[in-house]
Amino acid sequence: MVCRQGQPLFGHDGAMNLLEDLKWRGLLAQSTDEKALLDALSKPITLYAGFDPTASSLHVGHLVVLVVLRRFQLAGHHPIALVGGATGLVGDPSGRNEERSLNTQDVVEEWVVRIREQVSQYLDFEAPTNPARVVNNLDWTAPMSAIEFLRDIGKHFSVNQMLAKESVSARLEAGGISYTEFSYQVLQSLDFLELFRRHNCTLQIGGSDQWGNIVTGLDLIRRVESGGAHAMTVPLLMKADGTKFGKTAGGSVWLDPAMTSPYAFFQYWLNTEDRDVINFLKVFSFLPKEDIEGIEKSHLENPGARTAHRTLARELTILVHGAQDCERVEAAARALFGQGDLNDLDEATLESALSEIPRASVANVGEIPSWVDLVVASGVVDSKSAARRIVREGGAYLNNVKITGEDFSPSPSDFFFGRFAILRKGKRDLVAVEVSKKH
RNA sequence: GGCGGGUUGCCCGAGCGGCCAAUGGGAGCGGACUGUAAAUCCGCCGGCUACGCCUUCCAAGGUUCGAAUCCUUGACCCGCCA
């Protein structure tokens, strides 16, 4: 699994292949001296990327870096995923114009556990020559005393330079920064130094907003260990319309299936704008260049077929949720969304399709709440006012048939197999209504 | 510690005693057109037991027939000075 046939892993050519591929995918934003990096990569190196526990799950934005880490592993290098048990307690000022509110230690601890699990999913720990590692920076930060920190680490930092960092200066402009967040770059630098010492880790990768923090680490390594190391960042992904990637009305698209269902996840990618779809395939998929170019060609010839979108959705859902889930949610979408008549679906198909989407339960067919109440109960809309508005505006459906009347309620005969009905809000938001079994 | 400015709905941002559930923009939502795309156009966009009622403009008090708008106190933010 480590390399594609015919591709030399190492040596100048191997390193070249890796870098050229990253460039072609648009994954190279900045790096330290490219020749030096190329030289370094001609032998297996150890590299790392850090992920701070700022929520109980990572989201699709993190996936860019995770996937790059994996690309490096596939090319034979040793990846380390660092979970920021320490840095997560402090808060990175990068890219924020406001101080973060601190999370409690308990909460961060819990998130560390979950994120550790998540990052592990994308790396191979069984690889015979280059197994992955996961580390937690709390392990070397927590035992350090304040005096040690100030004398051994702090002494190597110039406040002048720290202030000049974009992440800090932006905040000084915007209104201020606490000493806590100001110190973040020191902690991150310490991580790089520590991994350099422990594992001879000589490359850190991250989002381009991390460039400042990363090169500060390089300085520290140079000063303390006279060591040479490298840095590389991936661009912050933007959508063609200039908005942030990975956000929906409901917030982030999470990797945790409990937070973003595999169905919603698949739909997110399927609904990618045309202008972005090829770009996203390059960034996220492991499909080789030739395949993506082929997809691009057929996409341009017949965009309506949405093959590129479908490929993207599939690749990503398989990567994050596995092939089985992908198949399930795709089948569900086909069944519910397809041109076919809902009446043609058999009970088992319908049941499994409906299990993928938001739902509302009904006690028995004797007393069925209104369409409005059901949609609110499912969580798909926030208030009855909003649900009523949708009915009024002609966006309300029962079993693919438009309904009118704000007080409309489904009747018993609307339930397939006496158990299921499907509500739709607008073009693509579906709600399953299930009659719960009698006790 | 002193002086000045600020805190408005998801975000930005008007309003400066009644005409305010509160202008405008963005986001979002529905419709039309399409391809479960984009752009465009139209409509919506606090809640509810809904042509009426209820709760909002940092918090708590107060003035007034009446306050987001005035006063007092407090919290937080910003700027200048020490």
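Modeller: In this predicted model, a helix is a DSSP run of H or I with at least four residues. Just after helix α11, Asn200 takes a positive phi of about 55°.

Colleague: How do you know that the span of α11 agrees with its number of residues?

Modeller: Helix α11 covers residues 184-199, which is 16 residues. The expected span is 1.5 Å times one less than the number of residues. That gives 22 Å, and the end C-alpha atoms are 22 Å apart, so the two agree.

Colleague: Why is α11 called largely enclosed?

Modeller: Buried means under 20% relative accessible area. In α11, 13 of the 16 residues are buried, so the rest of the structure largely encloses this helix.

Colleague: What makes β9 and β12 partners of β13?

Modeller: Pairing needs at least two bridges. Strand β9 has four bridges to β13, running parallel, with Arg359 opposite Ala432. Strand β12 has six bridges to β13, running antiparallel, and there Phe420 stands opposite Glu434. Both therefore count as pairs under the rule of at least two bridges. Six of the seven residues of β13 are buried, so this strand too is largely enclosed.

Colleague: Which residue takes a positive phi in the hairpin of β12 and β13?

Modeller: Gly426, near 70°. The hairpin has three residues between its strands.

Colleague: How do you know that domain 1 and domain 2 are in contact?

Modeller: Contact means heavy atoms within 4.5 Å. Twelve residues of domain 1 meet that against 16 residues of domain 2. The two domains bury about 1300 Å² between them, 67% of it on carbon and sulfur atoms. Trp24, Arg25 and Val60 supply 47% of the area that domain 1 buries there. The salt bridge count between the two domains is zero.

Notes. Residues are numbered from 1 along each chain as its sequence is written. Chains are lettered from A and ligands numbered from 1 in the order in which they are written. This is a predicted model: local features need pLDDT of at least 70, side-chain atom pairs count only at pLDDT 80 or more; totals for chains, interfaces and linings use all residues. Side-chain values use heavy atoms; hydrogens and water are left out. Buried means under 20% relative accessible area, exposed over 50%, partly exposed in between (1.4 Å probe, protein chains only). Buried area is the accessible area (1.4 Å probe) that two parts lose on being put together, summed over both. A salt bridge is a side-chain nitrogen of Lys or Arg within 4 Å of a carboxyl oxygen of Asp or Glu.
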